[in-house]
Amino acid sequence: MAATEKEIVDGLAEIVNEIAGIPVEDVQLDKSFTDDLDVDSLSMVEVVVAAEERFDVKIPDDDVKNLKTVGDATKYILEHQA
Amino acid sequence: MAKIKPSQGAAYARILGVGGYRPTRVVPNEVILEKIDSSDEWIRSRSGIATRHWASPEETVAAMSVEAGGKAIADAGITPEQIGAVIVSTVSHFKQTPAVATEIADKLGAGKPAAFDISAGCAGFGYGLTLAKGMVTDGSAEYALVIGVERLSDLTDLEDRATAFLFGDGAGAVVVGPAKEPAIGPTVWGSEGDKSETIKQTESWEAYREGGVAPAKFPAITQEGQAVFRWAVFEMAKVAQQALDAAGITADDLDVFIPHQANMRIIDSMVKTLKLPEHVTVARDVETTGNTSAASIPLAMERLLATGEAKSGDTALVIGFGAGLVYAATVVTLP
């Protein structure tokens, strides 16, 4: 069953916490991965791959650069999940 | 039809000796920072690299190879005359003909071995090792010398803040010879030419033809960082697992993991993805050597053995991956 927006944000928060050690409560829709959450470009790749597995979605390299905020990623996953 | 006699070689092959050469000049991040807007902290956090070696004009591809090759031959306990083949993997020898392998063989005093260069980027060591194993087991050479050598400082854009700090110079070599039991597993290797644009030389040498408009900058190696990282970590972890499966062992059986020393972040993430047990020693030579492409695996192997972090007889998984894209992974018994 497709995940809801809240489930996706919660899932991303867990992933970002595990990969970059950011507190889950800091991961909010309006937060920028790089500027607010200190997720660098390589960690972002790890976040994307973990999100692909968790939400059964494909996020090609060309699309990764457009996912600036948690909201961008959430919207992308909502629209592309299987 | 005449009957052709079958070739006869050793039952099995193994790495008998290893040798490395690191250029005298050690280049810390401070020197890199003279030409890019970055910081030591940023470079270390993105790559794990603190220093690298850059070759002097005298430390040529051939000269570094002769040093590393000579050490590997001595370590194997054989003489140069016993070498039947010299395989050199490099992308930074700027004279394509003749192959630099012939000059290296001659300077080593190896007599008249088969000698040739291969181009397989950062997977070059694994490609060469696979060829050498085949030669030893089919009898084309009793002993084969495999050298990975690079002067990547010659192909580095020192003004590109994404790559200026990555590359280093050096040579690593192994001697492959006969063995009584299997000591080099099946190689899992391949290429993905559809991703050839992700790591490449910026300009073709064709651009420098007489009468043409030469590009303002000398060619350099450039890469799409995120795409390469993703492929290197997640696709190569699958290849590494396939190499373990092909050798009939599991990660628990490993003593040592020697991935191509591209970037500490790739190494760390691979270790995590592969779920390597705590007891496996992981090569992290990139910190003080940078990325030396084809030379990185034998250089890291030599250092682990020299420092005692690994020992002769240990079981090691080696995996190279890079421009092509190409890759090669296999399990070996350390010399």
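User: Which residue in strand 7 of chain B stands opposite Ile15(B)?
Analyst: This is a predicted model, where local features need pLDDT of at least 70, side-chain atom pairs count only at pLDDT 80 or more, and totals for chains, interfaces and linings use all residues. Residues are numbered from 1 along each chain as its sequence is written, chains are lettered from A and ligands numbered from 1 in the order written, and side-chain values use heavy atoms, without hydrogens and water. Strands (E, at least two residues) and helices (H or I, at least four) are DSSP runs numbered from the N terminus. Opposite Ile15(B) stands Val176(B).

User: Over how many bridges do strand 1 and strand 7 of chain B pair?
Analyst: Two strands count as paired if DSSP finds at least two bridges between them. Strand 7 covers residues 169-179 of chain B, and its pairing with strand 1 of chain B is antiparallel. The count is 9 bridges.

User: What is the strand order of the open sheet in chain B?
Analyst: The sheet has 5 strands with mixed pairing. Its edge strands, each pairing on one side only, are strand 1 (12-21) and strand 5 (114-118) of chain B. The order is 1-7-6-4-5.

User: Which strands of chain B does helix 9 touch?
Analyst: Contact means heavy atoms within 4.5 Å. Helix 9 (residues 296-307) of chain B packs on the sheet. The strands it touches are strand 1 and strand 7 of chain B.

Methods: Axes are lines fitted to C-alpha atoms, for helices over the stretch in contact, and angles run from 0 to 180 degrees between N-to-C directions.
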